[in-house]
Structures are given as C-alpha cells and as structure tokens.
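Colleague: I've got a few "how do you know that" questions about this one. Can we go through them with the structure on screen?

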Amino acid sequence: MHYVKTNLLLLAGLIDLVLSRPGQTVFSSSGTEIMTESQWNFDDLPSVNSTSHLVFGTVDSLLQHWPNTRYRNGMYHGHTIIPATIPVGTLLYHGTSREIVPDVPEWVATDPEHSFLFCRTLSKSSGCWQLTMVTSRPLKVLHFDGSSAAKMLGGPMDTQDLTLWGKVRPEWTFREKERIVELCKWGQPYGLDGFLRMEMNFEIMLCDFSSGVQTVSFLNLAPTRGGPPKWNPPPKEDLRAQLSPSHPPPSSPMFYATVYRVMESGSWHNHFPGDTRIELDYSRLISLYDTATFPSLQSSRFNKKRLEHRLDGISGDDANMLQARIKKALTGNAQGSGVNWKVLMRVITNRYAERLEVLQYILNSTDPAIRDANSTVQVAHRHVRSILTPYTLYSATPPTNNNDLPKGGYPWASPVFELCATTHTTYMEGAEFLSLLTPSEVLILDSIKGVTKEICRVLVGIWAEGMEYGLADPTDKKPPTAFEHSAEIIGRWSKKVENLMAWLDWSHWLRCRPACSYEEMCYLPTWPFLYSKRPFPKADYSQDIDGEGPDESNWADPQPMCIRRVEPFVDEEIMQ
C-alpha cells in the first residue's frame, strides 16, 4: 500500500509539472509517456524517428505468416525476439530417410505437409519416414520473428546472429547444421527446448527429442517420387551447391501438388490470430525498434525503406544490451499486467483497417453513384463522422461565425481528438496500473498510443475541417462553403489518408488485386519458392551468390500473386 501511495504522490507531482510547464513531454514513473494538452495539436505530426508504428506492426503480426513474409527482416519481422511456449498435447512432425529418432538437435514442423518435404527415400524399394510426436510438457522456446528460417542473405537471420555472437555473421547464413547446434548450446543454461522460426510455414529447432516430447507414430510413407533424387553437383563448390541437394529439380506433377500443399498449410496462419498452437509472452518481448534501448540502429535506418532495415549497424554496446535483455527475459520472474496485448491491438486494427481503405476508395472513386466533387466531399465526411460517433462530444462544435475560426488547427475539436486517441488506453495511465507493466509492456503501450494518436489526428482533422465548412447540415438554401473548394479538399484529404496508410503499412491492405479465382490462392513469395514470372515454384539461390542478383519482383520486394492450387499447375513446356 505504501508503494501505491508513493506512486500516486509521484503522479500528482507530474500532473502539477504538466500544468506548470505546458508543451513539455512528461513520462510516468514506469517510463510511459503522459499525454499533455499541448499534444492534441492537429499540426503535430509523428517524429521522423518515431517507431511506434513499427513496434505496433511487429506485435500485432506475430505468428502471422503473411506479414512476416512481406517484411522478412524489417518492421513485422527480424526485429523481434520473444519467449514462447508450446502447450502440452501439440503435435510436431519430422520427416527423415531413416527410422531413427534423432539424438542430436533437428528440425520439426508444426504441420505435416511441411515436414513431408523432408520425408525422403534411400532406395527405390523403400519408402520415407515421418515421425509424429506430441508435447508431454510445455516446451520453452524462443521465437525469432520474420522469415527467420529463410536461407537468404539480407537480414532474415540477423537476430539469431546477435543472440549467439553479438554481431551479424552473413557467412553463417547457410550453415544450418552448425547453427542449430550452437543455438541449442547457447539456450541450455536458460532451459530452452528449442527455437521457433518461419519460412514456408513455422518450424521448431528442437534441441532434445528425448525431453518433453513423446512418439505418437513413426510411419513408413509412400514418397512423392520413387528412388533417391539424382544430383550432379557443379564442379566448383559454392553456396548454391550446399543448398541444391536439399531441393532437387522437380520431376513430376505430384511434386508440384506436394509443394502447393505446403504453401497452403502456411497460408492457414496468414492472418490473425496466426498460429494458435503457440503461446507468446508479450510481457517479455524484445524489439530492436525500441529506440531508447537500441539507439544505434536509429541512424542506420534513417531514410531507408522498411525492407532495407537491417541490424548489421548495431553498436557493440547495444548488442551487449540485447544479450542482457534476452537473458533477463528468459530468467526474470516479472508477471506483467495481465493485459491481452494481442487482442487489444487487434481491436484497434479491426476498428480502422477496412474503414481507412473505404475512405481512400471514396476519395479516389470513379463510382458513378458519387457524381461529382461536391458529392465526394459529402460522402467522405459522412463516412468519417460515422466512424467518430463514439467520440464526438456534444460540446465540440465549431464557431458559428466563419470570421471567428482560428487560423490553423482546430482547438475546439481537441477534446474529440484526445478521446478518440486515448479511449483504449486511458485506464492504464493510473500510477497503480503503470507499476504493474514490464518494460516490454511499456513499449507496447506507447506504440498503441502513438498509432491511435496519428489515426485520430488525421480522421478528427478531416471531420473538424468538414464541420467548419458546414458539411454537417447542408441545405439547399445554404449549401456548405466546402462546395466552393471541393476539388482542393478532396486532394488534401486524399493525401492525408494515403500518408497515414503508408505510415501504418498494415498487411491487411496487401492482397491480390483483383481477387484470385476459386482455383487459385493468393501467394506472397517466400523462401524457397520465390517464383519466377512463370507460375511454378523456383528455388532462387542467387541472392549475392552468383552475381546475377535476386529476382527483384519476388525477393527484393515480394508482392502477392495468384497461383493455381489445383491442376494444371504448370504448362507442358515448363514440365519438360
């Protein structure tokens, strides 16, 4: 009780400080930012160094295949490390060529389609082997987000390198057998059973097949292709030669069907809630987008596209801090606040994702139902007004005389702005509640506050401008003054919405356009089937290996494409 009273007194002192020094940014005793009245200024854009949207995107998309494929080593992936648990009763799968349970660290898949790619034969007269196990106790794992199992240069494995060695080591990108051994050695003192990563689907680097798992079955299955794959390695040993034996050239339509089933199983976890078999501990999350903890990365990211965000620019001090944070996350006993951050962030994205997209459509529409610029302005404003109804205070009205309108900003609308931005988090601002938050939760909370503030700044700003232009109650006798500037207003609002959506960059807006037919699936290229321009799987190992460079349309900036999920997958010319 004494601790609570102390925090309440501290909060009271901070409030006095806010009132006596307007315009200053003040932080609570737990480090979270306290919003002041001056922060509800409609001209207050996010800082160019702000990462609230990046942290928000990271946390909101964890365990979802689609966003972690899109940004394999930036934003939604490759910048987050989080402890996770695989619950009792979870089935895991391991494809192999021998009926032998591994006695060394090996990989297991969360879906059997994925592991079946590694179910191989030793001779033409034998089948392949698929080991199915079940967790007999909760498995303690560490999750590296993004496409962290993609054997490609450019950043997907940066967090693993920093965890192990405190620096990025690209020469280890293809040394998977050694990597799994090193990771398991590193994790042993922390009681880790393995490491959770993602490529075509999610996988676990399991350290000990005799601890925490029991064999359910060990089946001799019919392989996709009879006999061992034929492979003639190139005369010169290079990185391509190390990879290709695991991915021999396809030889039958059944191979394609098998590959599509793997991609299909990964797509089951494309969007929220993601892979539900894995439980994440958000109270121990570590984000490399945390600028207060890892400031050296701020300059290396500046003015770069999100796909170019890397961790190779981290300083030695920050790398040491990362390893210390990981150790604390795996050994600490903090319980956290109990807030379901996953659900809270999904509430916010559900609330605004589609509505923003519809607003963008209205402002750029060629729909004949929206006949002219005047109609577009009215429809757009009513759309925004309807979104903001839970926050539109009766007392928030613009001056009745246009001459009384302030020059710049809408101070009369600030209470609506504040209510819109804080409604999901205001109860967390009390000192007693803040004292329960872990540093990871403080980071997540601040990201939510930053994102909702920017969304509401734009939407309430559009609403307020329309109100001042008389769009709330137009009549034939007194048409709104907005009609005198309709084209200009549409252009201004459209730009604001486009900038907001680009800043948020939610994966909800990344999809196949036009939508795929029933015989197709929308696919986002990922390792190892990056796809050429022709619609069939192509393992592209050319990233900085043979000088040819990656397929720019697939790896450098992956874009969704419609691919067939039923035969014919490929044409005869390709098959030959």
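Modeller: Strands themselves are DSSP runs of E of at least two residues, helices are runs of H or I of at least four residues, and both are numbered from the N terminus. This is a predicted model, where local features need pLDDT of at least 70, side-chain atom pairs count only at pLDDT 80 or more, and totals for chains, interfaces and linings use all residues. Residues are numbered from 1 along each chain as its sequence is written, and side-chain values use heavy atoms, with hydrogens and water left out.

Colleague: What makes β5 and β9 a pair?

Modeller: The cut-off is at least two bridges, and 4 bridges join β5 (residues 106-109) to β9 (residues 202-206). So they pair by that definition, and they run antiparallel.

Colleague: Which way do the side chains of β5 point?

Modeller: Glu106 and Val108 point one way, Trp107 and Ala109 the other, and all are buried.

Colleague: How do you know that Cys119 and Cys128 form a disulfide?

Modeller: A disulfide here is a pair of cysteine sulfur atoms within 2.5 Å. Cys119 and Cys128 have an S to S distance of 2.0 Å, so they qualify. The torsion about their S-S bond is about 95°, so this disulfide is right-handed.

Colleague: Why is Cys119 called buried?

Modeller: Buried means under 20% relative accessible area, exposed over 50%, and partly exposed in between (1.4 Å probe, protein chains only). Cys119 comes out at 6%, so it counts as buried. Cys128 is buried as well, at 0%.

Colleague: What makes the link between Cys184 and Cys207 a disulfide?

Modeller: Their sulfur atoms are 2.1 Å apart, so they meet the cut-off. The torsion about the S-S bond is about -90°, so this disulfide is left-handed. Cys184 lies in helix α6 (residues 176-187) and Cys207 in the loop between β9 and β10 (213-221), so the pair ties together parts 23 residues apart in sequence.

Colleague: Why does Cys207 count as buried?

Modeller: Its relative accessibility is 18%, so it falls within the buried class. Cys184 is buried too, at 9%.

Colleague: How many disulfides does the structure hold?

Modeller: The structure holds 5. Another one of them joins Cys420 and Cys456, with sulfur atoms 2.0 Å apart.
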